[in-house]
Amino acid sequence: QVSHLDGPRDLPSTKFTSLSVTSPTVAAATSGGSTTPLWSPTAWWQAIRLRQAQNQLATPALVAALIFYVLALFAARRALISLAPLVLLAAALLNHRRAAHWRAYWRNPAALVPAALYGILLLSGFITDDVAEWRHQLFRQLLLLAVPLAIALAPPLGSRHLGRLVGWWLGAGAAVAAATLAYFYRHRAVLEESISRSKNLDAITGVGHIYFSVMLALAVLYGAELALTARLPSRTRQLAAVAALICGLTLHVLAYRTGLVALYGALGVSVLRLLIVQRRIVLGLAMLLAVAGAPLAAYSLLPSVQRRVWQTNDDLNRFLNGQDINEYSLSQRLAAWATAGALVREHWGVGVGQADVRRAMDAQYTTHSFGLRPENRILPHNQYLQYLLGGGIGTLALLLTLLVLPVVAGPTRGDPFVRHFVVASGCALFFDSMLEVQYGLNPFILNYAVLAVGPWQARMLAVGESGRPAPPARPYFPPLAAARQPTDNLNDPTAV
């Protein structure tokens, strides 16, 4: 199974307005001549201007911006995360063909669906009572517009560039996971006891455990897909397997419930696809045994997993028996779902307004508090319920379209990376309102834009405004022989 993420490349422009190709200064700067030394700032500046005049700067700038985005997410520095979308937009605007890309953007359904979600939030201002919260959400949810738009305006990424980006995700995830795992074992007794009290260890860089666990689940899935790709060099496959193993081990040792649900949900869908769609019975049954055996082995070997299972059972029993649930996160979620469900039955059409969800939930908690103290009366912690309660059935339909469309239609249909991302994220959104916070929305929209918006945009550009059939998509990974040839240049947007 290969992925279809390639599209047409931007060819270098031959039109120059302010800099001549035969400029002696640039020739010296680019060839190492004696007119201007290589270390000269003037020579470097003119070389950069030359590359921009040839439209050769947009692609490397985009790749650098995406790598910066990935590192900012795992570093969990709020300032860097806030800056990353702006850097991405700036890189996209370097593209000389941005006008054509802008026109194609309006025919790109993968980009228009998150824009429509933002539009509903904008329109909800007419019914909201909490204007301050509405303005805050308008600013925070701008990512739904900015990141897909940046990817749409930028040149389509080639297979090697996308491979590098996945590699940075795996490398950063494995590094943070290994450091977090080492910290856990240095304080094992205390942290295992905290699991029994429904407390979780965040990433060592500060990423919240829920969002960190989902990022690790994606790293495991991406790494496994790379490791099983026969066309890649053996060293690349081995490194991907090691990174995936480190991330998977961290998920199990730290007993991250949301991440494990996302991981095994995606693996379960892959098993069903092997058995039902591809009818590869032997391989499907072998994978089924592995997917079923891994949690059992983790439970047998890892005390932290045992404590998490015991704590989860106790958590559920407390909710079902009406006991005190103030210090139990899963029971608080169930109470929040019940509270939100009562409100949804009354406001299922247009919702209460996304900025007014907190006020509506607080008012409903006064009717039935489940014995929760005010500080423990949480919001739904379920993105589907959050959108249904805040924006009604239309907003929920758009969210489901955003998740389903890349899997069933267009150039991303059948792409294993897209399928892993959609299923893992869909499972995670069931247990947390990830799109309501910065640390959850940023990794989601970045993966969505690169994996879904980019290929759809390439298809729209290939089809063009004339509606001609698009050429067949190129495979995500080049053949093994081509992959081992170090002939492509990161600065060349036409390179594969």
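This is a predicted model: local features need pLDDT of at least 70, side-chain atom pairs count only at pLDDT 80 or more; totals for chains, interfaces and linings use all residues.
Let me begin with a pair of side chains: R307 forms a salt bridge with E193, their closest N and O atoms lying 3.5 Å apart, where a salt bridge is a side-chain nitrogen of Lys or Arg within 4 Å of a carboxyl oxygen of Asp or Glu. This pair links distant parts of the chain, since R307 sits in helix 15 (residues 303-320) and E193 in helix 10, 114 residues apart; helices here are DSSP runs (H or I, at least four residues), as strands are (E, at least two), numbered from the N terminus. R307 counts as partly exposed because its relative accessibility is 26%, and E193 is partly exposed as well, at 39%; buried means under 20% relative accessible area, exposed over 50%, and partly exposed in between, with a 1.4 Å probe and protein chains only.

Residues are numbered from 1 along each chain as its sequence is written, and side-chain values use heavy atoms, with hydrogens and water left out.

A search of the whole structure finds eight salt bridges. One of them joins R188 to E192, with the closest N and O atoms 3.0 Å apart, and because these residues are four apart in helix 10 (residues 188-196), they are separated by about one helical turn. R188 is partly exposed at 34% relative accessibility, whereas E192, at 9%, is buried. The side chains of D432 and R333 also meet in a salt bridge, at 3.7 Å from N to O, and this pair again links distant parts of the chain, with D432 in the loop between helix 19 and helix 20 and R333 in helix 16 (residues 329-344), 99 residues apart. Both D432 and R333 are buried. Finally, E327, R373 and E375 are linked in a network of salt bridges.

Turning to the overall picture, the protein has 21 helices and zero strands, and 53% of its 496 residues count as buried.

Helix 20 (residues 438-463) deserves a careful look: 24 of its 26 residues are buried, so it is largely enclosed by the rest of the structure. Helix 20 bends by about 40 degrees at A449, the bend being the angle between axes fitted to the seven residues ending there and the seven starting there. After helix 20 comes G464, whose phi is positive, near 75 degrees.

In helix 13, the buried residues include T258, G259, L260 and A262, and the buried residues of this helix pack against helix 11 (209-227), helix 12 (234-253), helix 14 (281-301) and helix 19 (416-429), a contact being heavy atoms within 4.5 Å. R279 follows helix 13, and its phi is positive, near 55 degrees.

Which residues does T395 touch, leaving aside those up to four places away in sequence? They are L117, I120, Q354 and Y387. T395 lies in helix 18 (residues 383-408) and is buried, with a relative accessible area of 0%. The C-alpha atoms of T395 and L117 are separated by 6.6 Å, although these residues are 278 apart along the chain.
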